[in-house]
Amino acid sequence: MKNQMKKCLICGKIFEVRGKAYNKVTCGKIKCRKENSLLNKMYWIGRNPDYYKEYSQIVLESSINKKLKVSNKPKKKDAIKNWKALNHEKWKEYMRNYMRELRASEKKKKSV
Ligand SMILES: [Zn+2]
């Protein structure tokens, strides 16, 4: 039995199809195989845009979650909340002073 000869879809080189690899479309070079799988992916995305949108959303969310896990820092808002709960009296005093200063500076602005 003679081996089938095929033309590589990517580089155009004629290659021999050995054995059961009858559905091979590239010559077998890593570059060609990679490019072919990318083309397949693009083709598949083109045919299943909705599915891909959902899929990319999931990938995006999981990558964001990963990033959050890696940094593992509490959110800024939460940190402020926690600080307020722990230093409630300090916080009240701070706010009182802050508001006083704010009003004073506003008065200054008006008088200028
Ligand atoms: Zn090739």
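A residue is buried if 20 or more other C-beta atoms lie within 10 Å of its own, exposed if 12 or fewer, and partly exposed in between, with C-beta atoms placed from the backbone. By that definition, buried residues make up 3% of the 112 residues in this chain. The model is predicted: local features need pLDDT of at least 70, side-chain atom pairs count only at pLDDT 80 or more, and totals for chains, interfaces and linings use all residues. Residue numbers start from 1 along each chain as its sequence is written.

**Overall layout**

- The chain has 4 helices and 2 strands. Helices (H or I, at least four residues) and strands (E, at least two) are DSSP runs, numbered from the N terminus.
- Along the sequence, the order of elements is β-β-α-α-α-α.
- Two residues are in contact if their C-beta atoms, placed from the backbone, lie within 7 Å. Of the contacts in the chain with a separation of 6 or more, 11% are between residues 24 or more positions apart.

**Confidence**

- pLDDT is the predictor's confidence in each residue, from 0 to 100. The chain averages 77, and 81% of the residues score at least 70.
- Among the elements of the chain, strand 2 has the highest mean pLDDT, at 89. Helix 2 (residues 49-71) has the lowest, at 69.
- Where pLDDT is low, the predicted coordinates should not be read in detail.

**The hairpin**

- Strand 1 (residues 4-7) and strand 2 (residues 14-17) run antiparallel and are joined by 4 bridges. Two strands pair if DSSP finds at least two bridges between them.
- Met5 has Glu16 of strand 2 as its bridge partner.
- The two strands form a hairpin with 6 residues between them. In the turn, Gly12 has a positive phi of about 85°.

**Cys11 and its surroundings**

- Cys11 sits in the loop between strand 1 and strand 2. Cys11 counts as partly exposed because it has 13 C-beta neighbours inside 10 Å.
- Leaving aside neighbours within four places in sequence, Cys11 is in contact with Cys27, Lys29 and Cys32.
- Cys11 and Cys32 are 21 residues apart along the chain, with 6.9 Å between their C-alpha atoms.
- Lys29 belongs to the loop between strand 2 and helix 1. With 15 C-beta neighbours inside 10 Å, Lys29 is therefore partly exposed.
- From Lys29 to Cys11 the C-alpha distance is 9.4 Å, across 18 residues of sequence.

**Lys13**

- Lys13 also has its place in the loop between strand 1 and strand 2. It has 13 other C-beta atoms within 10 Å, so it is partly exposed.
- Not counting residues up to four places away in sequence, Lys13 touches Cys8 and Cys27.
- Lys13 and Thr26 are 13 residues apart in sequence, and their C-alpha atoms are 8.5 Å apart.

**Helix 1**

- Helix 1 (residues 30-47) has 18 residues. From first C-alpha to last it reaches 26 Å, close to the 26 Å expected at 1.5 Å a residue. The expected span is 1.5 Å times one less than the number of residues in the helix.
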